[in-house]
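Dear colleague,

Please find below the structure I promised to pass on to you. My notes on it follow directly after.

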Amino acid sequence: MVYARYGKTFHNLRIQHALSLSDFKDLGISKAALSNFENGKSMISFDRLDFALQKMNTSLYDYSLIINDGQQDDYISLFTDIEHAYYANNTKVLQNIYENYVSQEEEYQLIAYAAKGLYAQLCKEEISHLERYLKGIQYWGLYELSLLANIGHRLSPEFIEYLITTLFSNPTAYAKTLYYRVLLQRFLYKMVLAYCDRGQSLAAQMLLEKSEQLFMPGDILDRVKRSFAKSYYTHTFVDPQKGKKEMLELLRCLLKIGATEVHATLKREYTRKMAQKNRSEK
């Protein structure tokens with residue numbers, strides 16, 4: 001990640017809003033610290049960056065788009081293709097994305113891993129590459145969160161714990177932006193299911209509680225997916241019959257409102273869960 005772009009973009013916004021380096025002292029950002037940030041010598045903390053952008057009436061989402069000079073549009077298009085293929089269970093499209101981009105520059109290579117991780121296991125080198133990249137992230141924009149939403153559940157348990165601690169040190173910063181909330185909720189949903197499959201009751205319960213911090217009143221579909229994850233948890237650790245009944249009710253609800261792709265995705269998870277149960281009973 002090249003942080004020089006972050007400081008340069010912030011500098012341009014500051015000049016546009018006719019603000020001096022010292023105008024951010026009330027946010028706990030010294031003139032020297034801000035100068036170093038704008039010149040690419042250091043970063044400032046995520047929460048202070050968020051407050052500084054608010055002072056310039058700029059959202060994190062807008063800042064993220066400006067930073068990438070339009071490049072992010074291409075990334076978003078690829079992540080959108082991955083998302084559609086995932087919901088449609090179209091392995092061929094995911095394979096094509098992986099094969100077409102795995103040999104390109106790092107940003108596209110990581111997207112290729114995200115596509116592969118939805119239909120196959122990543123090799124040790126690919127997981128290490130992802131973790132090295134994400135370890136250095138101080139500002140989580142759409143690109144980084146999109147990677148996490150697709151591939152986070154494939155990372156090592158120790159690194160996942162690190163990520164959760166990092167991201168939830170200031171959850172309200174992400175909760176304010178719809179795009180960020182959706183991506184984080186997708187990561188948490190997959191991780192709850194993964195923890196359930198591993199028999200990690202406390203870890204799954206902790207993530208269910210954390211996901212509640214990110215909801216806004218209109219986030220209906222994410223609430224449905226969280227409810228499914230909660231029912232999955234109930235089936236695994238509390239009451240199998242109750243959990244099964246709740247999952248089926250949610251699946252019927254999704255069909256009723258016409259959310260067919262989401263229904264198909266959750267139905268695959270339900271079918272997989274029932275198959276696991278049948279194998280364990282043999």
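**Findings**

T265 counts as buried, at 4% relative accessibility. This is a predicted model, and everything that follows should be read as computed from it. T265 belongs to helix α16, which covers residues 260-281. Neighbours within four places in sequence aside, the contacts of T265 are with Y86 and Y87.

Just after α3, N57 adopts a positive phi of about 55 degrees.

As for the aromatic residues, the structure holds 12 aromatic pairs. One of them joins F159 and Y162: the ring centres are 5.4 Å apart and the planes stand at 40 degrees, so the pair is tilted. The angle decides this, because planes under 30 degrees apart would count as stacked and those over 60 as edge-to-face. Both F159 and Y162 lie in helix α10 (residues 157-167), where they are 3 residues apart, about one turn of the helix. Are the two residues of this pair buried or partly exposed? F159 has a relative accessible area of 8% and is buried, whereas Y162, with 27%, is partly exposed. The cut-off for buried is under 20% relative accessible area, so F159 and Y162 are classed apart.

Elsewhere, one aromatic cluster is formed by Y75, F79, Y101, Y108, Y133 and Y143.

Finally, there are two placements of a charged residue over a ring to report. K55 lies over the face of F24, at 5.5 Å from the ring centre. R223 is placed over the face of F215, at 4.4 Å from the ring centre.

With kind regards

Terms used: Residues are numbered from 1 along each chain as its sequence is written. This is a predicted model: local features need pLDDT of at least 70, side-chain atom pairs count only at pLDDT 80 or more; totals for chains, interfaces and linings use all residues. Side-chain values use heavy atoms; hydrogens and water are left out. Rings of Phe, Tyr and Trp (its six-membered ring) pair if their centres lie within 6.5 Å; planes under 30 degrees apart count as stacked, over 60 as edge-to-face and the rest as tilted. Helices (H or I, at least four residues) and strands (E, at least two) are DSSP runs, numbered from the N terminus. Buried means under 20% relative accessible area, exposed over 50%, partly exposed in between (1.4 Å probe, protein chains only). A charge sits over a ring if NZ of Lys or CZ of Arg is within 6 Å of the ring centre and within 35 degrees of the ring normal. Contact means heavy atoms within 4.5 Å.
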